[in-house]
Amino acid sequence: MALTIEREQRTTLGHRQNFVGRSVSYGTVAWDYRGRTWVVERPEDGEPARRYSVKCLVCAKTLSYTVHSLAATRRRRARRWIAAFACLVAAFPLYGLIALDPGSVLVLSIGFGGGGLALATGGCLAFVAGGEAGLVGHGSAVPGYPKHKLFVSKAEGRR
Ligand SMILES: [Zn+2]
């Protein structure tokens, strides 16, 4: 499910607290983030993106983020979904090559390798598209658990 984006977006800049994942149950680890929350006001549609500087409360490092308007964020999302779909479509003919000559190592390599690469790339692009919030900067688009990460939620009030 796609992330909800609003003109005023409540955003938390989190600093990862643990270097190694904290075990919460068998085979599952958790990463703890602590930080500050602020309300980001996006630029009007058609206006250029704004730059924000936020100081991390944990390490006192100043981080810069670029905030896109709602329309620009939707376009960024759409471009990523289109690219993900294109990768998915590209995987079919690559796998289809295998039917032409299933005995050839070269054809099998191109078919499975290229098809798998196209599917993996499409999956990564779809994951990024689903999390696209129009906030670009340190760790905002990195899947996983970077040192600094942005958490976006609905704006309930200014802090
Ligand atoms: Zn920090």
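1. Two strands count as paired if DSSP finds at least two bridges between them. Strands here (E, at least two residues) and helices (H or I, at least four) are DSSP runs, numbered from the N terminus. The model is predicted: local features need pLDDT of at least 70, side-chain atom pairs count only at pLDDT 80 or more, and totals for chains, interfaces and linings use all residues. Numbering starts from 1 along each chain as its sequence is written.

2. Strands β2 (residues 22-25) and β3 (residues 28-30) run antiparallel and are joined by three bridges. R22 stands opposite A30 in β3. Two residues lie between the strands of this hairpin, and G27 takes a positive phi near 75 degrees.

3. A60 sits in the loop between β5 (50-55) and β6 (62-67). Its phi is also positive, near 65 degrees, although A60 is not glycine. Most residues other than glycine have a negative phi. A60 counts as exposed because it has 8 C-beta neighbours inside 10 Å. The cut-offs, with C-beta atoms placed from the backbone: buried means 20 or more other C-beta atoms within 10 Å, exposed 12 or fewer, partly exposed in between.

4. Helix α2 (residues 105-130) has 26 residues. From first C-alpha to last, α2 reaches 37 Å, close to the 38 Å expected at 1.5 Å a residue; the expected span is 1.5 Å times one less than the number of residues. Its buried residues are G111, A118, L125 and A129. They pack against α1 (70-100).

Methods:
Two residues are in contact if their C-beta atoms, placed from the backbone, lie within 7 Å.
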